[in-house]
2 protein chains.
Amino acid sequence: MIVSALLTSVGINTALCVLFFTCYSILRKQPTTYKVYIPRLLAEEQGNSKRRGRFNLQRLIPSPDWVAKAWNLSEEQLFSLSGLDGVVFMRTITFCLKIFTFAGFIGILVLLPVNCWANHMEDFDVYDFAGNSLDVFTISNINSGSYWLWVHFLAVYIVTGFICLLLHHEYKYIASKRISYFYSSKPQPHQFTILVHSIPTSSGCSVSDSVESFFKEFYPSTYLSHAVVRRTSRTSKIRSLLSESKNLYQRITQLRSDPSQQNHKRGSCFGLFGRNDNLIDHYRKQLEDIEENVRLEQSEASLPGKETRAAFVFFKSRYGAATAFHFQQSVNPTQWIAEPAPEPRDVYWPFFFESFLRRWTSKLVAIVATILFTISFLIPVVIVQGLVNLNQLEALFPYLSGILTIKFVTQVITGYLPSLILQLFLKVVPPVMGFLSSIQGYISNSNIEISACNKVLWCTIWNVFLATVFSGSVLNQLSDILDLKNIPGKLAVSVPAQASFFITYVVTQGWTSVLSELFRIVPLIFSWISKPFKSPDDEFEVPSIPYHRDVPRVLFFGLLGITYFFLAPLIIPFIMVYFCLAYIIYRNQFINVYAPKYETAGKFWPIVHNSMIFSLVLMQIIAGGIFALKKLTPASTWMLPLPVLTLLFNEYCRKRFLPIFIAYSAESLIKKDREDQKDTAMAEFYDKLVIAYKDPALLPIQYSSNNDSLISPLVS
Amino acid sequence: MIVSALLTSVGINTALCVLFFTCYSILRKQPTTYKVYIPRLLAEEQGNSKRRGRFNLQRLIPSPDWVAKAWNLSEEQLFSLSGLDGVVFMRTITFCLKIFTFAGFIGILVLLPVNCWANHMEDFDVYDFAGNSLDVFTISNINSGSYWLWVHFLAVYIVTGFICLLLHHEYKYIASKRISYFYSSKPQPHQFTILVHSIPTSSGCSVSDSVESFFKEFYPSTYLSHAVVRRTSRTSKIRSLLSESKNLYQRITQLRSDPSQQNHKRGSCFGLFGRNDNLIDHYRKQLEDIEENVRLEQSEASLPGKETRAAFVFFKSRYGAATAFHFQQSVNPTQWIAEPAPEPRDVYWPFFFESFLRRWTSKLVAIVATILFTISFLIPVVIVQGLVNLNQLEALFPYLSGILTIKFVTQVITGYLPSLILQLFLKVVPPVMGFLSSIQGYISNSNIEISACNKVLWCTIWNVFLATVFSGSVLNQLSDILDLKNIPGKLAVSVPAQASFFITYVVTQGWTSVLSELFRIVPLIFSWISKPFKSPDDEFEVPSIPYHRDVPRVLFFGLLGITYFFLAPLIIPFIMVYFCLAYIIYRNQFINVYAPKYETAGKFWPIVHNSMIFSLVLMQIIAGGIFALKKLTPASTWMLPLPVLTLLFNEYCRKRFLPIFIAYSAESLIKKDREDQKDTAMAEFYDKLVIAYKDPALLPIQYSSNNDSLISPLVS
């Protein structure tokens with residue numbers, strides 16, 4: 001690829017950036033799009049009609065005040081807005097900004113000049129900038145055996161050292177945050193609860209009795225109570241009935257509080273009833289029917305036969321609960337399997353498997369499906385590669401050769417289209433992986449997302465990075481990858497060859513993805529489509545940030561930056577732009593859009609750490625391969641200790657920090673429990689605890705999260 | 001290799017067998033070899049002079065009564081003799097006997113005839129049995145694409161199924177044995193104790209204070225006491241002084257109790273003293289000096305500066321102790337690291353590392369050293385292979401060609417010498433691996449042996465099996481092994497080619513090793529050499545069976561049998577002979593020779609299980625490769641699900657049984673604790689518990705394991 005093709009791509013995307021920013025600055029001020037762009041603020045101010053102000057001219061002038069607001073957000077504010085998970089996510093971005101500032105200095109100020117001028121390539125014309133191949137700026141431009149490669153060698157060592165130092169610092173910081181979060185937290189139900197499954201029952205004895213007798217026998221001093229999980233054959237039906245009843249309730253309260261609205265807006269549709277009271281009566285009747293139905297279904301679910309073999313068991317202290325899940329409970333390790341309970345709002349209710357064997361098989365099925373999906377995803381990648389290698393495309397579709405000779409078309413096709421297609425395909429990955437994780441037997445949304453996050457990350461690395469790299473050079477010979485010995489050599493040949501592809505990938509996929517995050521295209525379109533069917537006051541849910549989509553994306557650009565910083569330093573500025581955009585935009589989204597659905601207290605950081613270590617080792621292997629290829633054997637040999645040292649560093653971090661992210665220590669649990677003992681509010685907390693875990697489908701109907709009143713006072 | 005070469009080898013070894021058996025039957029009845037052949041019985045009958053009977057003729061006639069005695073030993077008797085570990089070891093052998101009886105039926109009655117006559121090889125002469133190549137009996141004899149291969153296919157499936165069934169049964173049986181052993185055991189110190197290391201100390205506060213305050217704070221109800229481990233700079237010196245004093249004590253008591261002996265036997269050497277009393281006085285004075293020395297050294301060790309950062313912490317209940325080591329104690333996971341304590345007799349005192357980092361580095365060093373040793377061990381293997389491939393040997397040493405043309409020399413060299421040399425080299429592996437495991441930071445002898453057992457097993461498999469297989473076919477191209485994709489194909493070519501080598505290997509290495517176990521050649525020679533320097537009444541130690549030497553050996557023959565049963569069924573009878581010999585001989589040794597030094601309660605079984613699973617998968621991969629090579633593609637394809645199913649089965653066993661071998665469940669611990677509460681002897685047990693863990697080098701001098709009396713009553 002030549003520089004002008006890259007410039008085309010950068011041009012298109014910069015224009016898109018400006019356009020998106022301007023549109024967003026206007027659209028966010030329109031009341032019709034409040035639910036898309038500031039749902040969080042809207043939910044916080046619900047009932048307050050401040051935002052329903054009349055039209056004024058300022059609404060049409062784009063203003064950048066939201067950028068300043070996002071910029072000024074402090075970490076404490078972010079923590080109070082989105083919890084520790086939000087902080088960890090933003091720190092991942094600032095972490096990347098830090099390392100690429102450092103690597104960028106070395107790359108642009110040292111490596112780039114070395115690449116360009118070290119060997120005075122004859123066909124390189126400084127003045128015909130746009131006509132030059134991008135290869136001029138990469139390590140490929142340096143002659144074999146040149147001593148200038150030692151500069152790259154040093155750069156690899158220095159940057160590895162810097163990243164490891166920073167990784168250690170971050171891990172330490174986030175671990176301390178996690179611990180102080182725990183110390184400062186109020187008593188929370190999930191800290192006192194474990195989930196037990198695979199409960200054995202003897203005949204004539206219900207699951208509930210079995211749990212009661214087991215825990216009363218073995219944990220008499222700390223056991224408090226339990227709640228058996230109930231299976232409803234028609235949970236989904238109850239759920240839909242519930243949401244229907246909620247909408248009806250909403251409508252009735254609306255009609256009562258604002259009689260004008262009914263006449264004004266609905267008069268045409270419901271003219272039949274003429275008067276408010278008639279309409280209200282009609283709705284009320286409907287509501288009563290639904291309530292009756294729900295009650296019937298729910299009472300069926302509370303029959304003894306509907307008990308699953310899983311139960312939430314409540315303890316009087318955090319330490320008591322932790323003791324119970326640290327131990328293998330029963331002599332048979334496949335019975336009484338205990339795990340820490342998730343937060344009540346975080347429980348993934350639809351999926352409570354009964355037996356050990358079923359959980360296990362479903363897990364296997366999910367893993368196999370993930371692997372198959374990841375592998376079959378290669379097909380679009382290979383097609384995209386076909387677009388980059390125009391020759392192959394011409395060979396496949398000879399009738400296209402006429403079009404392909406036009407210069408602009410060629411530039412668009414090689415510079416822009418491939419990564420756009422890839423981007424569209426990649427959109428499918430997070431939801432699919434989310435689904436696969438959800439059938440894997442996890443009992444909390446947070447665990448599902450953590451697992452999906454890992455899946456998406458490795459799927460992206462495998463398909464986008466490795467498959468692009470290898471299919472570009474050895475199309476149809478993917479099986480060669482299995483030849484372990486030659487991997488460094490092959491990587492050394494293929495990775496630099498794909499530098500230009502990945503530079504455009506950052507510009508198109510990276511910049512666009514972060515802008516579409518800001519612009520929220522899908523929710524925007526969805527809100528337009530569903531507008532005619534919804535009243536503006538229908539309840540709406542504040543979305544939560546899909547970490548399993550966004551964390552892997554950020555990490556993948558980190559991987560690209562780390563592996564390419566010494567091969568093609570030109571990639572760094574584009575990556576820096578990506579991270580700067582991400583920095584502002586995600587902060588803005590945390591303020592305006594997303595509300596956390598759960599709190600893992602930083603459990604995403606180990607994923608970030610592992611991904612960084614993988615990137616480092618990959619970069620070091622490629623470096624070793626390149627030095628060998630360029631016939632600088634001592635550099636290649638001296639590259640060998642670096643991955644070993646990096647992996648040792650990782651092993652140290654695993655011992656030093658990882659346990660903190662898995663379970664809390666005895667010391668902190670006991671200290672926290674002692675604090676509680678002084679607290680007089682604990683009795684009240686215990687009362688709440690034993691009813692905290694209820695399947696929402698089995699709760700009595702409740703119409704508002706702020707307001708605990710049931711329908712009865714309204715109906716009566 | 002031709003059949004006659006094999007017969008030579010079998011002939012030599014059968015003769016050796018008879019010779020060894022006869023010699024053993026005579027030698028074991030001689031009083032001079034009692035300490036070699038029946039040390040265990042001797043120790044039990046110590047003081048009883050029954051065995052010192054006068055010479056009679058019967059002592060010179062070989063009698064096979066010991067075989068009958070070993071045969072009749074029941075499992076309960078074995079359990080009382082050698083604990084659960086002995087039972088597990090013997091069950092490993094009977095397990096192999098069972099599977100090879102089954103595989104042998106299929107192999108000899110079905111596969112062998114198929115191999116021989118399926119294709120009516122032209123150069124095969126049924127009547128010139130001895131002149132035939134062994135290949136006639138292997139799968140190599142079957143033509144490509146022959147449908148007879150489906151018989152082998154079926155055999156592989158059936159035998160895999162049988163072995164998995166048996167594995168499941170055994171795992172279940174041994175797990176239940178382990179649990180019932182725990183339930184029936186008396187309170188033992190190690191059940192109530194944990195070992196804590198990496199204890200942090202604040203300035204001005206000793207390790208002991210630190211432990212006391214930590215456990216009193218966090219485990220007030222269950223904490224009993226603790227004992228800080230002390231470092232002695234001259235532990236080895238104290239040890240030698242102690243053993244010297246013991247010998248002196250022995251001599252004095254001897255002189256006192258049996259004055260005649262002194263005159264009769266020692267008169268010549270110690271004539272100087274003339275009278276008993278003089279001699280006793282002399283010894284007593286020596287003894288007092290030594291005691292004074294020991295006391296000085298020991299008092300130095302009890303200074304506060306000599307505390308290590310490790311301590312044994314005692315609890316009032318098993319459950320309390322287990323709770324403490326299941327938890328991460330401190331907020332910093334590299335401090336207060338707790339692990340279950342070993343039995344007091346099982347503690348490996350010399351090695352108490354102070355800090356987390358030093359433990360970790362020493363572990364890394366040990367692992368790297370193990371890998372280097374395993375790899376460099378290839379050199380003797382390659383040399384041995386040179387002997388098998390005579391052509392290569394002739395090329396290297398042309399002047400040998402004259403000798404190599406003599407038929408008998410050739411037969412000995414190809415049939416006997418290679419595996420004998422290999423056997424000598426392999427003798428070095430267990431002690432080296434034992435040493436490497438001991439510097440790896442384990443705190444108990446049993447853990448060191450378990451770890452060494454794994455190391456020896458993989459070293460043997462890698463060096464003897466894989467390297468022999470590959471170096472035989474692709475000498476000097478070991479790096480080709482890294483080409484993962486081709487492994488099944490390469491195995492399919494190389495493994496059958498080495499059939500004859502491994503048949504002779506079983507005959508020479510297998511039979512000889514088990515006979516040398518019976519004959520105890522090294523201890524025998526050692527006892528002869530040391531005889532002039534030792535009095536017959538010197539204390540002697542009853543040896544314990546070195547599991548890390550014997551378990552891998554047995555398992556390796558299991559691996560050979562499983563991988564070769566369908567390739568060259570002729571190997572089965574020889575392997576059966578090996579296991580039958582092992583069955584009788586090891587039972588005999590358990591009765592007469594070995595006393596257990598520790599009790600892991602069956603922790604060796606998971607190693608056996610893993611090794612069997614590995615053997616099965618290896619066999620299946622080879623089978624798939626061979627069917628592909630013989631152009632029977634459907635059989636090769638249908639072989640694919642088998643390793644997957646086997647690994648799933650293994651995964652199931654890991655979930656179902658492995659946790660039982662790692663820690664006891666809360667249920668069993670609490671039940672056992674409740675039983676104890678009724679026991680009035682517990683107060684006494686607690687008193688013993690707190691002094692159970694003392695470095696023997698720091699104990700007051702004690703002269704006999706049966707007799708608690710100190711020297712003082714004797715001296716005074």
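## Transmembrane spans of chain A

Residues 607-629 of chain A are 100% helix and 0% strand, and the end C-alpha atoms of this span lie 33 Å apart. Residues 6-27 of chain A are likewise 100% helix and 0% strand, with 31 Å between the end C-alpha atoms. Helices here are DSSP runs of H or I with at least four residues, strands are runs of E with at least two, and both are numbered from the N terminus. Both spans come from the UniProt record, an unreviewed entry, which lists "transmembrane region" for residues 6-27, 95-114, 147-168, 364-384, 424-443, 455-475, 554-586 and 607-629 of chain A. UniProt positions are given in the numbering used here, feature names are shortened, and annotations may be inferred rather than shown by experiment.

Before going on, a note on the model: it is predicted, so local features need pLDDT of at least 70 and side-chain atom pairs count only at pLDDT 80 or more, while totals for chains, interfaces and linings use all residues. Residues are numbered from 1 along each chain as its sequence is written, and chains are lettered from A and ligands numbered from 1 in the order in which they are written.

In chain A, look at helix H12 (residues 356-376) and helix H18 (residues 429-438): they pack at an angle of about 160 degrees, with axes 9 Å apart. Axes are lines fitted to C-alpha atoms, for helices over the stretch in contact, and angles run from 0 to 180 degrees between N-to-C directions. H12(A) is therefore roughly antiparallel to H18(A) (angles over 145 degrees count as roughly antiparallel, and those under 35 as roughly parallel). Their crossing is right-handed; that is, the near helix is turned clockwise from the far one by less than a right angle, whereas anticlockwise is left-handed. On the H12(A) side, A:Ala366, A:Ala369, A:Thr370 and A:Phe373 meet A:Val432, A:Met433 and A:Leu436 of H18(A). Contact requires C-beta atoms, placed from the backbone, within 7 Å.

Over in chain B, helix H23 (residues 547-564) and helix H24 (residues 571-592) pack at about 155 degrees with axes 10 Å apart, so H23(B) and H24(B) are roughly antiparallel to each other. This crossing is left-handed. The residues of H23(B) that take part are B:Val554, B:Phe557, B:Leu560, B:Gly561 and B:Tyr564, which meet B:Ile571, B:Ile572, B:Ile575, B:Tyr578 and B:Ala582 of H24(B). By class, this contact has nine nonpolar, one polar and no charged residues. Ala, Val, Leu, Ile, Met, Phe, Trp, Tyr, Cys and Pro count as nonpolar, Asp, Glu, Lys and Arg as charged, and the others, Gly among them, as polar.

## A parallel pair in chain B

Helix H6 (residues 149-184) of chain B packs with H27(B) at about 5 degrees, with axes 11 Å apart, which means that H6(B) is roughly parallel to H27(B). Here B:Tyr157, B:Thr160, B:Cys164, B:His168 and B:Tyr171 of H6(B) meet B:Leu642, B:Thr646, B:Phe649 and B:Cys653 of H27(B). The contact divides into six nonpolar, three polar and no charged residues.

## Where the chains meet

Between the chains, 27 residues of chain B are in contact with 27 residues of chain A. On chain B, helices H11 (318-326), H27 (641-656), H28 (658-662) and H29 (666-678) each give two or more residues to this side, and H29(B) gives the most, with four. This side of chain B comprises 13 nonpolar, nine polar and five charged residues.

A rotation of 180 degrees with 0.0 Å of shift along its axis superposes chain B on chain A, with RMSD 0.1 Å. The two copies are thus related as by a two-fold rotation axis. The superposition is by least squares on the C-alpha atoms of residues with pLDDT of at least 70 in both. The same surface serves both copies, as 100% of the contact residues of chain B recur in chain A.

Terms used:
Contact = placed C-beta atoms within 7 Å. Parallel < 35°, antiparallel > 145°, perpendicular 65-115°, else oblique.
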